[in-house]
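Visitor: Please walk me through a model, feature by feature. I would like to know how to read each one.

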Amino acid sequence: MHHFLGYSLDEWMAITTIVSIAGGILIWLLNVAIKNGTEKLSNSVKTLINQMDNLSHSLDSIGSSSRRTENRVDRLEDKFEEHIGEAKVRNTRIKNLEQEVFKRKEK
């Protein structure tokens, strides 16, 4: 039989098998540990992304509502200014009519 470093070919095969199995188990354990560790992180990141999307939609909704409110306020201001103008015209007419009526009474 062939010998290398004092071990026969069968013994080398057994050593290689044991080292391969031990390495495979170590790699499998590392994969499981990494997968479990990153799975929690991945879930946390997904939750954070969903919350940020919800916040973004909420902000868009608030912005849209704000624009509608701003438009309503602008229209109400325009109507208010229009009514103030009409009131000034009425006040001027009333003053003119009062002056006309009082002038007639004095004559």
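The dialogue below takes up confidence, charge, surface patches and distances in turn.

Guide: This is a predicted model, where local features need pLDDT of at least 70, side-chain atom pairs count only at pLDDT 80 or more, and totals for chains, interfaces and linings use all residues. Residues are numbered from 1 along each chain as its sequence is written, and side-chain values use heavy atoms, with hydrogens and water left out.

Visitor: What is the mean pLDDT of the chain?

Guide: pLDDT is the predictor's confidence in each residue, from 0 to 100. The chain has a mean of 88, and 96% of its residues reach 70 or more.

Visitor: Where is confidence lowest, and where is it highest?

Guide: Helices (H or I, at least four residues) and strands (E, at least two) are DSSP runs, numbered from the N terminus. Confidence is lowest in strand β1, residues 3–4, at a mean of 74. It is highest in α1, at 89.

Visitor: How many salt bridges does the structure hold?

Guide: Side chains of opposite charge can pair when their charged atoms come close. A salt bridge is a side-chain nitrogen of Lys or Arg within 4 Å of a carboxyl oxygen of Asp or Glu. The structure holds one. Its partners are Glu86 and Arg90, at 3.9 Å, N to O.

Visitor: Where do Glu86 and Arg90 lie?

Guide: Both are in helix α1, residues 9–106. They are four residues apart, about one turn of the helix.

Visitor: Is Glu86 buried, partly exposed or exposed, and what is its relative accessible area?

Guide: Buried means under 20% relative accessible area, exposed over 50%, and partly exposed in between (1.4 Å probe, protein chains only). Glu86 is partly exposed, at 32%.

Visitor: Which residues gather in the patch of negative charge?

Guide: Patches are made of residues with over 30% relative accessible area and no salt bridge; like charges are joined within 9 Å, and nonpolar side chains (Val, Leu, Ile, Met, Phe, Trp, Tyr) within 5 Å. Lys and Arg count as positive, Asp and Glu as negative; His and the chain ends are not counted. The place of a charge is NZ of Lys, CZ of Arg, CG of Asp or CD of Glu. Here the negative patch gathers Glu70, Asp74, Glu77, Asp78, Glu81 and Glu82 on the surface. Glu82 is in helix α1 and is partly exposed, at 48% relative accessibility.

Visitor: Which residues make the nonpolar surface patch?

Guide: Accessible areas come from the Shrake-Rupley method with a 1.4 Å probe; for residues, only the protein chains shown count as cover. Phe4, Leu5, Tyr7, Ile15 and Val19 make a nonpolar patch of about 530 Å². Phe4 lies in strand β1 and is exposed, at 54%. Val19 is in helix α1 and is exposed, at 54%.
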